[in-house]
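Welcome! Take a moment to turn the model around, and then let us walk through it together.

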Amino acid sequence: MNRPSIPHAAGECATAPRADLWSSVQQAAQRQAGRHLRDQFATDPDRAARMSARCGGIFVDYSKNRLDDADLQQLFALADASGLRGAIDAMFTGERINSTEHRAVLHTALRAPADADIRVDGHNVVPEVHAELAHMAAFAEQLRSGQWRGHTGERITNIVNIGIGGSDLGPRLVCDALRPLGHPDLRTHFVANVDAGRLNGLLRQLDPRTTLFVVCSKSFTTQETLTNARSARAWFLREGATDADVSRHFVAVSTNAEAVAGFGIDPANMFGFWDWVGGRYSLWSAVGLSIMLQIGPAAFRELLAGAHAMDEHFRTAPWSHNLPVLLALIGVWYVNGFGAATHMVAPYDHGLRQLPGYLQQLDMESNGKQTTRDGAPVPRATGPVVWGNSGINGQHAFYQLLHQGAQLVPADFVATLHSPDNTRPHHDIVLANCIAQAQALMMGRTADEARAEMVAEGLPPERIAELLPHRCFGGNRPTNVILLDALTPHTLGALLAMYEHKVFTQGVLWNLNSFDQWGVELGKQLARRIEAAFDSGEPPAGADSSTRQLIALARAALRARDDGAA
């Protein structure tokens, strides 16, 4: 069988040109290692204006990166030689670029306008997408208007999304970011962790008569999700409801109608999606039902429209103005040219505080790979460790490492220019700190500057000499500053799509399949065997001494708990 693959650039017939280009990029990075951004700004007054780009309501200043125009041209050449243009076309036209699972990758179709024609195996999928959107919207309008009521006739006031991974992180982020737009009588909650502490703690706060559960599992077999859903159902029944009442308080995002019906959910209230929708790209689909319930169908469509605007930008803009491509190339520059192993994301907007966690899955599950699309070992480092937290809080936690740590940590600072919820002086402080931290990381503080400050403070010479090494900052630490005009459904959709396409671009350059995740399978398989051993007392065949020891300790603790409960 011929394996589907992402096409390479026209005329490319061997890997040697790409190897040469990678070598050139690394040599260029080595040349930059001896240059300081201070000097580049001092000698180039147009640097900031030239190294900035905009798409709609998103402005990106990438001027505080350790590269110049010639370096960018080298990176653009690498993108061309990697077949990026053909790869983009292949994704947008429904080719089966997820080669190991033989699937198309068409989350972009989920936000396409109704008159678009996007085909998988000759079939236009857009009408089905909009039919499912209409199905979601009809249900959302019923619930938000109070027409949909619980089994006792009371309005639904709490929505609990039960899912994990992509069925949790994306909807959680969007609902958190757009909470000010939410229905005044609805609160949305998320349960992902199978540790019962999360679910039980939440259920103690809820009234079963006014709670709706949205169970998100494509196969309706996901262990963590179904365990939580069954426990929620048991709680619901213990509180006085009957099996017949379940259908008024549970709906499903799934494609397994038989399992959904067996749970007690009316299949008419099952919202589906397709095998060309990957989990970490699924918030735009029925997985976003909890989003639509919170912010309403019109705002949800604005979220989709923002993502579609970024899709078109990514598909058509030249590399020099293409936000996802620029961010991707800069990221590759640091991973492969400077040996940077991590990438930090700091949102300077409370509404975006879930963004680093969302991007961890998007990036690390997509490009945390050791095998190329062709099955060969990767010849160079691939995806970085993505981490971060709210920017202001981070300044009092981990920014010390960013400024004076021994390793290089490239960073994205994400802020909003207009924030209706963030009154002055609060918003002034947030924006000032975002801009100042990017400047401080770039500029640093020289010995002469540090000495002059301490002299001005009136410190004696011996104290100045003692403190001087500690008060110097090398600077030259790279950042991208990403500014949203405002945190709206449209700009949020564009922001998330920008990061999706950044990750895809990096996967193309590293020759990876960014749309499978085989690395998560082994742990799940072993967990099932170990769980069985808790009952049987027989460790799995081939278990090492450490695993056997840990199983024995866990089994003893579980048995003691059960004996105590009895």
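At what angle do the axes of helix H7 and helix H14 cross? The axes of H7 (residues 169-177) and H14 (residues 355-367) cross at roughly 155° and come within 9 Å; axes are lines fitted to C-alpha atoms, for helices over the stretch in contact, with angles from 0 to 180 degrees between N-to-C directions. That makes H7 roughly antiparallel to H14, a label for angles over 145 degrees. Contact here means heavy atoms within 4.5 Å. On the H7 side, the contact is made by Leu 169, Gly 170 and Leu 173, and on the H14 side by Leu 355, Gly 357, Tyr 358 and Gln 361. By class, this contact has 4 nonpolar, 3 polar and no charged residues, with Leu and Tyr counted as nonpolar and Gly as polar.

A word on the model itself: it is predicted, so local features need pLDDT of at least 70 and side-chain atom pairs count only at pLDDT 80 or more, while totals for chains, interfaces and linings use all residues. Residues are numbered from 1 along each chain as its sequence is written, and side-chain values use heavy atoms, leaving out hydrogens and water.

Now step back to the whole protein chain. You will find 22 helices and 13 strands in it; these are DSSP runs (helices H or I, at least four residues; strands E, at least two), numbered from the N terminus. The C-alpha atoms fill a box of roughly 75 × 65 × 55 Å along the principal axes. Of the 566 residues, 51% are buried, meaning under 20% relative accessible area with a 1.4 Å probe, protein chains only.

Note on methods. Angles under 35 degrees count as roughly parallel, over 145 as roughly antiparallel, 65 to 115 as roughly perpendicular and the rest as oblique. Buried means under 20% relative accessible area, exposed over 50%, partly exposed in between (1.4 Å probe, protein chains only).
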